[in-house]
Amino acid sequence: MDFRLSRALARGLATVVTATTLALTGCSTAIYKVTGDTMNNIGQDVMLPYLLTTDDTYIACASGEALTPLLLSFSTVTTPPDELAVLMSMVGGACATNRAFDHELQFIRHSRDKNITAAQDERIQSKRWHAIAASRQYSGYQSLVRALGEPGGECPMFDSEFQQLIWLMGAGLGLQSAMSDVQSNMQVGVPFSVAPKAERAAACLDTAEGNKRWWGLPKAIRAALWTIVPGITPKGMDPWAELDKARQIGMNEGVRFASALDALVANNASNNERVRKVLREHANSVKSTAANKEYRLVDLLAADQLLQISDRMWMQNTGTRTPIGAYGTFWDDKKEEKKLDQNLIDDLL
Amino acid sequence: MKKLLKTVAGSLTATTLAFSISAEAAGKQTFCIWDIVGKNGPVYTQMEDYRLEATKWGADLEMKVYTDEKIAAEDFKAGICDAVGITGLRGRSFNAFTGTLDSIGAIPTDDHMKTVLQYMADPKLAKLMINGEYEVAGIGPAGAAYLFTKDRTIDTVAELAGKKMAVLDFDKTQAIMAESVGMAPVTASITNFGSMFNNGSVDIIGAPAVAYDALELYKGLGENGAIVNFALIQLTVQVIIRHDRFPAGYGQKSREFVWSQYDRFMEYINSSTKNIKPTYWLELPEKDKIGYMEMFRQSRIKLRNDGYYDGKMLSFLSKVRCQKDAALAECTAKDRE
């Protein structure tokens, strides 16, 4: 082949390839943007409402962890899906908290058995998972800040019920991230100021209508925080009485998240009697009132948290988790046995 | 002298060996469990929890599952098993007193059952649990047995005449009962009585709610079948042991543990009852129920006189019924049990 000809051919080919690549890149950017927007819409309008109706918190956890990178990757080519990210972070955070809790149970078990090294190792693992949980939850809180502004100042104008939901969840995530970080030995560095901000955020929906719509959660978040953060309880308000009201709304609506928050802060305040009362009441409520179909997953996530509290108590006192069928009861419950009739016994002997 | 020493040493070795073997035998017990489904069945699964508890009372149970209850009972009788988990109906041959719990119409409701089982677990009644080498070491509820009929128009005793009813081969009282109301008893076993109902070999069976799904009895009930909502007998599952193979005090601890699991048993029974298609339930008029109760009572007295039921247990159950409802006619009857 003629050398000049081959050089011209090579130059021509290079031009075609470059032009094609450029054209394709431009085109693919457009395709990615459309795909990203579609995925965001599907995520928010289809996947999420469906996920909230499901009854398997483990699948929800796995899908939350698996789909978060996929959905959030589109933020590089289109508007970041921040509202969706709040809920994905909540589910992902719950997965990490569950694992931290499993290690905490092992820590309790080994402590009881005086296996100190094993107990210490479990505690380290638990703290690692708490750090991962804190990081995921705080990332969710930051997504909320980007989507609707920093909680704690003026209340946003909500465009939809979905926005109200993520506002509440995002505020709750802020609080959870601070608590998880404390348990991780402050590995993440979440500012504790998110706690009072979360209280003010929940106040935006703490109305009769807001509490009915969101199963008493606005009231529960606020009252729970009053028991934790010093000096923010409004005058004349009794946080525990408010939590009672919030729990009742949650039980009536079949989304019992307020019960989980109540038990959490009662446990934090070492009010064991109250923790037991909430667990017993929740166990009865689950038997008598079905979970709200639209938000079944939220009810079950709350139930998981309550079971964890119960498991921790059982483990500390008996060395096992709550036995099957024993949720809502305790190892030292006096069995309500009828007194036997001595005459009947004597007749038999 | 040397010879003597050798003999003494030899006998000592033999004695030591014998001791070590018997110590080993005492340390490990074979627990034979009847579960129609096998190792994945509900009874065996519950017994796994029992086995763990039993280690706290000094036993080391080796579990063996039997899908045929008859063989489990025979192996227990032959000494192959040190403990057995079987129905109270089958267990009657090991202890007539507790075996009479599963007598016809004697325990009308779950509430009665709960009271009765509480008494059975009481330490004061421990000696009644022992019969020769056998000891009843736990009684759990298995739910009421109901009449399953292929024809829902049968709702009086008179209409039962001529119908074929499956009766268990080992429980003679069932055949006697069936014959007393004019039915034709057809011998069956726990393994095949469900399929006999489903394929039409018999018209009527008595079965607990747990059998509805497990034996697919809805196939036999079809479009026109019904389940009469009236407890024929309250079935039980019982743990029976050869007490000399267990540490002292094992039986009482075991009875109290099994009693503590009462609510767990009931949850399983209640969830099985809920799975029954509601339209299958057939309610009897209250006045008819009173008549049937009396009919059952007369049958029990006859079966007691014939040596099938234990009089002491029947008398006890009668007192429990009258404590719960003193207005019952039987409470003032001259021929009270």
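**Figure 1. Helices H8 and H9 of chain A cross in a left-handed way.** In this predicted model, helix H8 of chain A passes H9(A) in a left-handed crossing. The two helices pack at an angle of about 155°, and their axes are 9 Å apart. Because angles over 145 degrees count as roughly antiparallel, H8(A) is described as roughly antiparallel to H9(A). On the H8(A) side, the contact is made by Lys219(A), Ala220(A), Ala223(A), Ala224(A), Trp226(A) and Thr227(A). They meet Pro239(A), Glu242(A), Leu243(A), Lys245(A) and Ala246(A) of H9(A). Sorted by class, the residues of this contact are 7 nonpolar, 1 polar and 3 charged.

**Figure 2. Helix H9 of chain A and its buried residues.** H9(A) runs over residues 239-253 and has 15 residues. From its first C-alpha to its last, H9(A) reaches 21 Å, close to the 21 Å expected at 1.5 Å a residue. Its buried residues are Pro239(A), Glu242(A), Leu243(A), Ala246(A), Arg247(A), Ile249(A), Gly250(A), Met251(A) and Glu253(A). These buried residues pack against four helices of chain A: H7 (208-213), H8 (217-228), H10 and H11. After H9(A) comes Gly254(A), with a positive phi near 75°.

**Figure 3. Helix H4 of chain A and the glycine that follows it.** H4(A) covers residues 116-148, which is 33 residues. Its end C-alpha atoms are 47 Å apart, and this agrees with the 48 Å that the helix should span at 1.5 Å a residue. Gly149(A) follows H4(A) and has a positive phi, near 95°.

**Figure 4. Ser270(A), a residue with positive phi in a loop of chain A.** Most residues other than glycine have a negative phi. Ser270(A) is not a glycine, yet its phi is positive, about 55°. Ser270(A) sits in the loop between helix H10 (257-268) and helix H11 (272-288) of chain A. Is Ser270(A) buried or exposed? It has 8 C-beta neighbours inside 10 Å, so Ser270(A) counts as exposed.

**Figure 5. Glu216(B), a residue with positive phi in a loop of chain B.** Glu216(B) has a positive phi, near 55°, and is a residue other than glycine. The loop that holds Glu216(B) lies between helix H9 (210-214) and helix H10 (217-221) of chain B. With 14 other C-beta atoms within 10 Å, Glu216(B) is partly exposed.

**Figure 6. Helices H6 and H14 of chain B cross in a right-handed way.** Helix H6 (residues 110-120) and helix H14 (residues 311-324) of chain B have axes that come within 11 Å and cross at roughly 125°. That angle makes H6(B) oblique to H14(B). H6(B) passes H14(B) in a right-handed crossing. From H6(B), the contact takes His112(B), Thr115(B) and Val116(B). From H14(B), it takes Leu317(B), Val320(B), Arg321(B) and Lys324(B). By class, this contact has 3 nonpolar, 2 polar and 2 charged residues.

**Figure 7. The contact between chain A and chain B.** Chain A gives 7 residues to this contact, and chain B gives 13 residues. The side of chain A that touches chain B has 4 nonpolar, 1 polar and 2 charged residues.

Notes: Residues numbered from 1 in each chain as written. Chains lettered and ligands numbered in written order. Predicted model: local features only at pLDDT ≥ 70, side-chain atom pairs only at ≥ 80, totals over all residues. Contact = placed C-beta atoms within 7 Å. Nonpolar A, V, L, I, M, F, W, Y, C, P; charged D, E, K, R; others polar. Axes fitted to C-alpha atoms, helices over the stretch in contact; angles between N-to-C directions. Parallel < 35°, antiparallel > 145°, perpendicular 65-115°, else oblique. Left-handed = near helix turned anticlockwise from the far one by under 90°. Buried ≥ 20, exposed ≤ 12 C-beta atoms within 10 Å, placed from the backbone. Expected span 1.5 Å × (residues − 1).
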